[in-house]
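Subject: A structure to look through, with notes

Dear colleague,

I am passing on the structure that we talked about, together with some notes that you can read beside it.

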Amino acid sequence: KIVEKKKKEVEALSKQIEKAEIVLLANYRGITVDLDTKLRREIRDHNGTYQVVRSNAVKRAFAKLDIAVDEDVFEGPTAIIIADENYLGVLKTIYKFAKENEFYVVKAGMIEGQLKTIEELSVLAQLPSREELLGMLAGTLLSTIQKLAIAVNEVQKVKEKGVEVKEESKEEAKEEEVKEETKEVEEVKEEKEETEKEENKE
């Protein structure tokens with residue numbers, strides 16, 4: 001019965017690993033009940049699962065799927081974190097926890113069926129999440145829209161100023177024209193008066 005139970009455990013685990021988007025193995029020695037509960041909750045929030053399993057069962061599951069992992073990975077207590085989607089959210093959660101708790105060590109990881117080094121996992125964990133990227137995009141778009149609005153407003157001001165200048169030019173031209181006409185009238189009047197004086201002398 002025990003052998004059968006172990007076989008079923010390995011079979012179930014191998015199926016989970018095979019269809020998972022991300023699989024992480026961690027040494028959790030030193031974790032408290034409160035921290036364990038908190039971490040499990042955060043993993044669930046990202047649609048992942050967190051299980052404490054026998055290292056030998058994980059080793060057999062990996063072997064069943066022909067996944068070659070260093071033997072030392074299976075030493076000590078092992079927690080397996082699995083998610084079928086949103087692997088970045090799960091990865092960031094685990095790495096944030098490990099950073100805050102030095103006793104927690106990520107031993108191995110696989111993303112979309114490909115084994116990753118600890119360094120690669122660390123780099124990926126520092127990438128912006130989908131929500132963060134959307135937030136950055138929204139911020140960029142908002143900034144662009146604000147700049148565009150300011151530019152349009154400035155163009156409008158220039159246009160309005162141009163209209164005002166044009167209107168002022170028209171007014172000035174009209175005033176100048178009136179002055180010229182007035183001057184001509186005065187000249188004609190003076191010339192007429194001069195002519196009449198000359199005629200009276202004669």
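Is Lys96 buried, partly exposed or exposed? Lys96 counts as partly exposed, at 48% relative accessibility, where buried means under 20% relative accessible area, exposed means over 50%, and partly exposed lies in between, with a 1.4 Å probe and protein chains only.

Before going further, please note that this is a predicted model, in which local features need pLDDT of at least 70 and side-chain atom pairs count only at pLDDT 80 or more, while totals for chains, interfaces and linings use all residues. Residues are numbered from 1 along each chain as its sequence is written, and side-chain values use heavy atoms, with hydrogens and water left out.

The overall layout

The protein has 6 helices and 5 strands, and these are DSSP runs numbered from the N terminus, with helices being H or I of at least four residues and strands being E of at least two. Along the sequence they follow the pattern α-β-α-β-α-β-α-β-β-α-α. Of the 202 residues, 27% count as buried. The protein exposes about 14700 Å², of which carbon and sulfur atoms supply 53%; accessible areas come from the Shrake-Rupley method with a 1.4 Å probe, and for residues only the protein chains shown count as cover. Among the contacts (heavy atoms within 4.5 Å) with a separation of 6 or more, 80% are between residues 24 or more positions apart.

The sheet and the helices on it

The 5 strands form an open sheet in the order β2-β3-β1-β4-β5, with antiparallel pairing, where two strands pair if DSSP finds at least two bridges between them. Why is one side of β2 and of β5 left without a neighbour in the sheet? Both strands stand at the edges and each has a single partner strand, so one side of each stays without a neighbour. Neighbouring strands of the sheet are turned by 20° against each other on average, with direction ignored; axes are lines fitted to C-alpha atoms, for helices over the stretch in contact, and angles run from 0 to 180 degrees between N-to-C directions.

Strand β3 pairs with β1 (residues 22–27) in the antiparallel sense over 5 bridges, and 6 bridges join β3 to β2, again antiparallel. Ala83 in β3 stands opposite Ile22, and Gly48 also stands opposite Ala83. In β3, 6 of its 6 residues are buried: Thr78, Ile80 and Ile82 point one way, whereas Ala79, Ile81 and Ala83 point the other way. In a regular strand the side chains alternate between the two faces of the sheet.

Helix α2 packs on the sheet, touching β2 and β3, and its direction makes about 140° with that of β2. Helix α4 lies across β1, β2, β3 and β4, running at about 10° to β1.

A residue in helix α4

Thr93 lies in helix α4 and, at 10% relative accessibility, counts as buried. A polar atom of its side chain lies 2.8 Å from the backbone oxygen of Gly89. If residues up to four places away in sequence are not counted, Thr93 touches Leu39, Glu42, Ile43 and His46.

The salt bridges

How many salt bridges does a search of the whole structure find? The search finds 6, a salt bridge being a side-chain nitrogen of Lys or Arg within 4 Å of a carboxyl oxygen of Asp or Glu. Side chains of opposite charge can pair when their charged atoms come close.

One of them joins Arg54 and Glu9, at 3.0 Å from N to O. This pair links distant parts of the chain, since Arg54 is in the loop between β2 and α3 and Glu9 is in helix α1, 45 residues apart. Arg54 is partly exposed at 30%, and Glu9 is partly exposed at 28%.

Another pairs Arg40 with Asp36, whose closest N and O atoms are 2.5 Å apart. Both lie in helix α2, 4 residues apart, about one turn of the helix. Arg40 is partly exposed, with a relative accessible area of 26%, whereas Asp36 is buried, at 15%.

Lys96 takes part in a salt bridge with Glu100, their closest N and O atoms being 2.9 Å apart. The two are 4 residues apart in helix α4, so about one helical turn separates them. Glu100 counts as partly exposed, at 49% relative accessibility.

With best wishes

Terms used:
Polar contact = N/O pair within 3.5 Å; in protein donor to acceptor, adjacent residues only side chain to side chain.
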